[in-house]
Amino acid sequence: MAAALGAGSGSAGPPGLPNSVPGHAALPAVAVWEWQDEFGRWRPYRGSVCSFIEQALQAPAQKGRRSGTGLASSSIPLGQADATLAPYVIDIPSLMQFRQDTGTMRSVRRHLFAQDSAAGQGIVWEWQNDEGGWSPYEMKVCVFLEQAFTHGLRHVDLSSLGYNYDIDFVSLVQTNKTSRFRRGIQRRMDTPYPVTTATGPLHTAMACSCQQCLLNSGTGPITTRYRHSMINLPSSSAVPQVSSRTAALSSSGVGFVPYNKPTLSGARSAPRLNTQSAWGLPQPVGAGAPSPGLSASNGVSVPNLPVEMPKPSKVNQALAVTPSEPEQVVRKYLEELRGAPADEDCIICMEKLASPSGYSDACECKTIKPEAVGQLTKCQHAFHLLCVLAMYANGNKDGSLQCPSCKTIYGEKTGTQPKGKMEVSTFTQSLPGHQDCGTIQIVYSISRGIQGPEHPNPGMPYTARGFPRYCYLPDNEKGRKVLDLLRVAWKRRLIFTVGTSSTTGESNTVVWNEIHHKTEMDTNLSGHGYPDPNYLDNVLAELAAQGVTEACLRQ
């Protein structure tokens, strides 16, 4: 069966390698863009969003320029394709998705599939999550399932694709081969993915030896064993789907990678991960046509597109939780530089620091000039002052700033968590891996309500699915330390927020806010139970990233 169903998707050759391979003629294909969630799974953007990304890559440059390096800067604001993705921008040189209000970064990739595959026909296979919604399989799984379905097969095994599941097409059920837990599945029609041309060797839905997979074999699914310790990762492994009742979901809806943060090459350098991307990008249309943007050293033409940030509402500023004037906050934490570094970029607007801010036409300020550059007092990272002002005005406006480069927090960071209740109790039963102590149980309760001025859609209702939520810690010294810090995070409204669920796609709902919790006691098949020897250290690191440290307990 594997051999019969293996073909069906393709991939353009990676930049830096020949874009045409002897023996492989140019073929029509469809492009699918995917983002990687916190569990190592790739999740496809919808066809309409992928079409927007492809069009943006081939559109004429509108704004921004790079000089001297031969590399083009390119950022694509996804909110122009889907309003629910308004905070997110794809940075093409690094192939990262950047959330403007939190600084969260996630990997993205581009796969090419055959035009007659599920992607080309707009067919999506989905599994039912615990909240009653439907979550899509990654596209290579959709392609494989559709091939099996059209061949009339009654059952298929997904282990060859890195998933521990059997699929029954007759009863439309997915079964976990270890736990025997069953979920419904469905086949749905959606917008077909955009048509392009594949000039490289085919990437198959099964184990593949194409250039793209060989160069990126380390970015496959991550098993439970490695999920919370991003060291010594295997090149490939199986990963179960994660239940929404156990997953610590990000409000971004695009997967949080908390232990694989980009490293900085210098004290004031932007987190530019890999400009020689291993994923093929579209070429300019038409033989001999001039490049719409600047040409990268690998021959791929990438246009210069600005990061779009909504103009801050004066009404929302007046209703902000903390009455700090945005200009005062910016001036408090940044020192204005007399001379801007000529060879550095502002990673907020992706323009040169020596050039005016990319937000000069979207952010009004009488006291800050578009060309003004400031340096944060602690970490020394530099940005356009107007860009920092726009970032602050587009966020919670609580009087604090967080460096978008290294995540250093200035002031006391607060969140947008709705009103609720946090209750704590203990009992004598031990958690696996912590047999020498009892257990701490935390119960979070939040009810539905109306969004305030700090939320995405003030005045609109928000839902609160899956509450109360039960979480567990070992009742030892480190577990009690985590508990004390979680109390601080709760008071600062950092544990939950209102956003879009990455499991169901529902917007205007209460979701986890990037501080992972263990919501199961006696199993770690899902990654949200015990044993997990790294969990307490990792959650302490996540709390510290939100500005919640031991120093808070001494205040």
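Let's start where helix H10 (residues 477-491) packs against helix H11 (residues 535-545): the angle is about 25° and the axes lie 10 Å apart. That makes H10 roughly parallel to H11, a label for angles under 35 degrees, with over 145 called roughly antiparallel, 65 to 115 roughly perpendicular and the rest oblique. This is a predicted model, so local features need pLDDT of at least 70 and side-chain atom pairs count only at pLDDT 80 or more, while totals for chains, interfaces and linings use all residues. Residues are numbered from 1 along each chain as its sequence is written, and side-chain values use heavy atoms, with hydrogens and water left out.

A word on terms: helices here are DSSP runs (H or I, at least four residues), numbered from the N terminus. Axes are lines fitted to C-alpha atoms over the stretch in contact, and angles run from 0 to 180 degrees between N-to-C directions.

Back to the pair. H10 passes H11 in a left-handed crossing, meaning the near helix is turned anticlockwise from the far one by less than a right angle; clockwise would be right-handed. On the H10 side, Lys478, Gly479, Lys481, Val482, Leu485, Leu486 and Ala489 meet Leu536, Asp537, Val539, Leu540 and Leu543 of H11, where contact means heavy atoms within 4.5 Å. Sorted by class, that contact has eight nonpolar, one polar and three charged residues (Ala, Val, Leu, Ile, Met, Phe, Trp, Tyr, Cys and Pro are nonpolar; Asp, Glu, Lys and Arg charged; the others, Gly among them, polar).

Follow the chain into the loop between H11 and helix H12 (550-553) and you find Thr549. Leaving aside residues up to four places away in sequence, Thr549 touches Leu485 and Ala544. At 31% relative accessibility, Thr549 counts as partly exposed, the class between buried (under 20% relative accessible area) and exposed (over 50%), with a 1.4 Å probe and protein chains only.

Now for another pair. Helix H8 (residues 326-333) and helix H9 (residues 385-393) pack at about 125°, their axes 10 Å apart, and are therefore oblique to each other. Their crossing is right-handed. Pro326, Glu327, Val329, Val330 and Arg331 of H8 meet Leu385, Val388, Leu389 and Tyr392 of H9; by class, seven residues in this contact are nonpolar, none polar and two charged.

H8 also has a clear inside: Pro326, Val329, Val330 and Tyr333 are buried. Seen down the H8 axis, the buried residues fall within an arc of 95°, so they line one face of the helix; the arc is taken from the directions from the axis to the C-beta atoms. On the other side of H8, Gln328 and Lys332 are exposed.

Methods:
Helix = DSSP H or I, 4+ residues; strand = E, 2+ residues; numbered from the N terminus.
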